Amino acid sequence: MKSLLTFPKGGIHPPEFKTQTQGLGIEIMPVPDELELILGQHIGAPCQPTVGKREEIGEGALIGEVKKGLGVPLHAPVAGKIKDIGNSVHPVRVSAPSITLTVNREAAAVRYERQAWQNLDAAELLTRVHDGGIIGIGGAGFPTHVKLKPPANSPVDTLILNGAECEPYITADHRAMLEYSAEIVEGAKIILKILGIKECHIGIENNKPDAILAMTKAAEPSSPDASVKIRTLQVKYPQGSEKQLIQAITGRKVPAMALPSAVGVVVQNVATAKAIYDAVVLRKPLYEKVITVAGKGIGRPANLLVKIGTKLKDIVDYLGGLQPGLSKIVFGGPMMGFAVSSLEVPVTKTTSAVLFLTKDEIDTKPHSQCIRCGWCLDACPMGLEPKEIGLHVEAGRSEVTEPFGVFECFECGSCAYVCPAKRPLVQFVRLAKMKAKRPQ
Amino acid sequence: MSKQQELDDQSAAPAGLWKVSTSPHLKSSESVEKIMWTVVACLAPPLILSVFVFGIQTLLITAVSVISCVAVEWLSQKALGRPVTIKDGSAVLTGMLLAFVIPPGVSPLLPILAAVFAIYIGKHLLGGIGYNFFNPALLGRAFLLASFPVAMTSAWLPPVKNLAIFSFLNRSIDAVSTATPLAVMKEKGMVAFTEIFGSGTDLYTSFFFGWRPGCIGETSGFLLVLGGLYLLYRGYITWHIPVSLLGTIGVLSWIFGGQGYMTGDPLLSLLSGGAILGAFYMATDYVTSPSNKTAKIVFAIGIGALTVLIRLKGGYPEGICYAILLMNPLSTVLDGWFKPKRFAPPLGGAK
């Protein structure tokens with residue numbers, strides 16, 4: 001057998017838990033009565049509302065935009081009436097400015113027609129990406145139009161689409177690759193045109209053979225000005241991390257503290273490519289997305305197409321309610337996601353999954369002292385020293401942790417996963433990042 | 001019933017509150033307890049064999065040692081106001097290893113004293129598990145060797161013939177003083193050694209399977225290696241320390257161990273003394289050995305070299321105990337010198 005692509009250093013093999021939802025087709029969730037649209041969904045400056053209270057708006061209408069600074073506009077997922085401009089519960093920031101939208105059930109759904117994009121130039125395509133409110137919806141939330149305009153001093157020659165989906169439980173990208181294969185490939189071709197390059201690789205872990213097959217089919221035939229190749233990756237966490245994925249596919253190493261453009265690569269998630277297709281070909285802004293709802297704590301696990309702003313409680317209602325034994329609700333994957341404490345939290349553009357985990361699915365053991373086994377050193381894909389960072393933070397010396405690599409840590413959690421003393425190493429790193437001095 | 005109430009009712013099971021903590025929310029099934037108890041289990045077969053070789057007294061001395069280590073750990077943690085962690089198995093392991101490195105014929109009082117020194121002073125006064133920079137079991141042995149030199153170098157039991165394991169109970173406690181192979185070699189020379197223990201394949205086999213005087217931990221190289229291989233298979237230890245350590249002892253004994261250069265017996269040097277126990281169970285102790293792979297190799301070569309130096313030129317017949325204790329405090333230094341390789345240096349090269 002041909003050896004599968006992967007990154008050489010570190011990584012772990014957590015149980016996959018994907019069988020719960022990987023066979024379930026994408027299901028369109030009925031729109032709830034009310035949506036809560038957080039204004040700051042992306043990295044950068046939050047949107048300012050462009051609508052007033054009690055204003056009636058249509059589906060896809062602009063409701064927020066960034067006038068100054070980095071950001072993308074926000075659109076109404078459905079027709080409705082602005083109920084309030086206030087604050088919402090936020091999965092990470094606890095509370096954040098938001099727009100509450102009361103859904104108008106009378107309004108007819110907008111129909112989007114396919115438009116030709118091949119004769120548009122790169123600048124126009126980029127504007128459409130921006131106007132569509134596209135951000136990296138794999139999780140990071142970085143405005144895509146900025147990422148697609150790499151600095152002039154580092155020319156890009158390769159596009160990588162990330163279909164690794166290495167987090168346990170999540171199958172949203174898997175389903176998207178099966179059901180939207182052609183759209184994803186077309187999205188990739190749009191990105192190639194924007195970047196003015198020809199080569200695209202789509203990396204998929206080999207635990208999704210059906211997605212690999214579907215995508216390979218969709219990527220054919222390869223034309224001379226747009227070659228899209230499917231690359232099979234070994235199942236290993238964190239395969240979907242940008243630097244690890246680039247190394248697995250191209251063999252190039254992104255320098256510490258640098259962006260992928262430093263080695264001539266741009267990485268986008270497959271779901272983002274689909275969103276780019278929607279924004280450019282259909283001129284449909286990003287206001288809905290596929291998420292995986294899984295775990296033993298939810299009545300009926302599913303891959304759902306939900307409107308941005310759908311509250312957790314509506315999803316719970318739709319999927320048969322919470323189950324006894326529910327212990328933790330996680331926004332995102334179990335390795336890097338955030339635990340939330342309220343069902344009022346709305347889905348944002350960067351939500352990839354909501355997990356309802358029961359007591360036997362999560363770790364609840366208290367942590368103990370570091371025994372210096374060094375397993376975290378073996379697990380770290382970046383070659384950092386999590387145990388040293390943890391020991392220093394515990395001793396109140398966060399400031400001296402920079403030499404151990406805190407700022408190169410992307411918090412994948414591999415170290416904390418393998419730690420036999422169950423130490424909260426990611427937490428230690430986050431604390432250290434706040435206090436240590438950033439290298440210049 | 002309103003939707004909200006319904007929801008509240010559902011979420012009320014089991015406690016109505018959900019846990020919130022930082023990622024990752026998933027953790028491996030490995031734990032400190034699992035590691036410690038697995039190592040303890042790996043030491044059980046040689047212990048059982050030692051009962052057949054030396055008699056039931058080995059079991060008695062091990063029991064005393066384990067119980068006193070656990071008791072001292074409990075008392076220390078109570079006294080120092082720390083959470084009691086005797087269930088994690090680390091004190092049990094220290095007790096086992098301590099019993100494995102003292103002569104089985106000593107008074108039961110000795111392991112009790114050693115436990116106090118090893119666990120209270122050597123471990124808990126330095127900060128508890130993870131912060132002790134000397135291997136506690138070896139520290140206990142070194143303490144006994146300094147305090148009771150006669151008992152610690154003469155209370156060996158000869159191997160019991162005919163599997164008369166209960167013969168000890170019939171006799172009065174007179175630990176028949178007999179000398180260990182390394183002591184004979186050192187004090188009386190190779191000729192006397194061959195007279196007593198034989199030579200060639202017979203010698204290797206009887207040493208490998210444990211038919212000779214010595215500590216419990218020196219008896220069966222075969223069972224110790226077997227346990228060590230299991231730990232390697234489980235990923236609890238890596239090959240770096242055992243291979244480098246045994247390799248160094250073998251090579252240096254071959255070069256310097258004989259009458260002239262390159263005439264030593266590397267196989268004998270590995271089978272005698274505590275080389276195997278030290279390489280697989282003592283030097284690999286997580287807390288007191290380096291964490292980085294390269295540092296592990298350097299650490300183990302250091303131990304091997306010091307062991308051979310003490311065996312050949314020092315005042316003691318066996319040197320691995322002191323060799324490990326001498327290298328222990330260097331672990332963190334070595335970790336600092338041999339850091340793991342970063343994914344990639346920053347732009348413009350490493351600082």
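These legends describe close-up views of a predicted model.

**View 1. A six-stranded open sheet in chain A.** The strands run in the order E1-E14-E13-E17-E15-E16. Their pairing is mixed. Strand E1 (26-28) and strand E16 (338-340) of chain A stand at the edges. Each has a single partner strand, so one side of each lacks a neighbour in the sheet. On average, neighbouring strands of this sheet are turned by 30 degrees against each other, direction ignored.

**View 2. Strands E13 and E17 of chain A, paired in the parallel sense.** E13 covers residues 288-294 of chain A, and E17 covers residues 353-358. Three bridges join this pair. A:Val293 stands opposite A:Val354 in E17(A).

**View 3. Helix H3 of chain A on the sheet.** H3 spans residues 172-179 and packs on the sheet. The helix touches E1, E13, strand E14 (302-307) and E17 of chain A. The direction of H3 makes about 130 degrees with that of E13(A).

**View 4. Helices H1 and H7 of chain A, packed together.** Two packed helices are described by the angle between their axes and the distance between the axes. For H1 (residues 122-131) and H7 (residues 270-282) of chain A, the angle is about 115 degrees and the axes are 9 Å apart. H1(A) is therefore roughly perpendicular to H7(A). The crossing of H1(A) past H7(A) is right-handed.

**View 5. Residues where H1(A) meets H7(A).** H1(A) brings A:Leu125, A:Arg128 and A:Val129 to the contact. They meet A:Ile276, A:Ala279 and A:Val280 in H7(A). Of the residues in this contact, five are nonpolar, none is polar and one is charged.

Notes. Residues are numbered from 1 along each chain as its sequence is written. Chains are lettered from A and ligands numbered from 1 in the order in which they are written. This is a predicted model: local features need pLDDT of at least 70, side-chain atom pairs count only at pLDDT 80 or more; totals for chains, interfaces and linings use all residues. Two strands pair if DSSP finds at least two bridges between them. Helices (H or I, at least four residues) and strands (E, at least two) are DSSP runs, numbered from the N terminus. Axes are lines fitted to C-alpha atoms, for helices over the stretch in contact, and angles run from 0 to 180 degrees between N-to-C directions. Two residues are in contact if their C-beta atoms, placed from the backbone, lie within 7 Å. Angles under 35 degrees count as roughly parallel, over 145 as roughly antiparallel, 65 to 115 as roughly perpendicular and the rest as oblique. A crossing is left-handed if the near helix is turned anticlockwise from the far one by less than a right angle, and right-handed if clockwise. Ala, Val, Leu, Ile, Met, Phe, Trp, Tyr, Cys and Pro count as nonpolar, Asp, Glu, Lys and Arg as charged, and the others, Gly among them, as polar.
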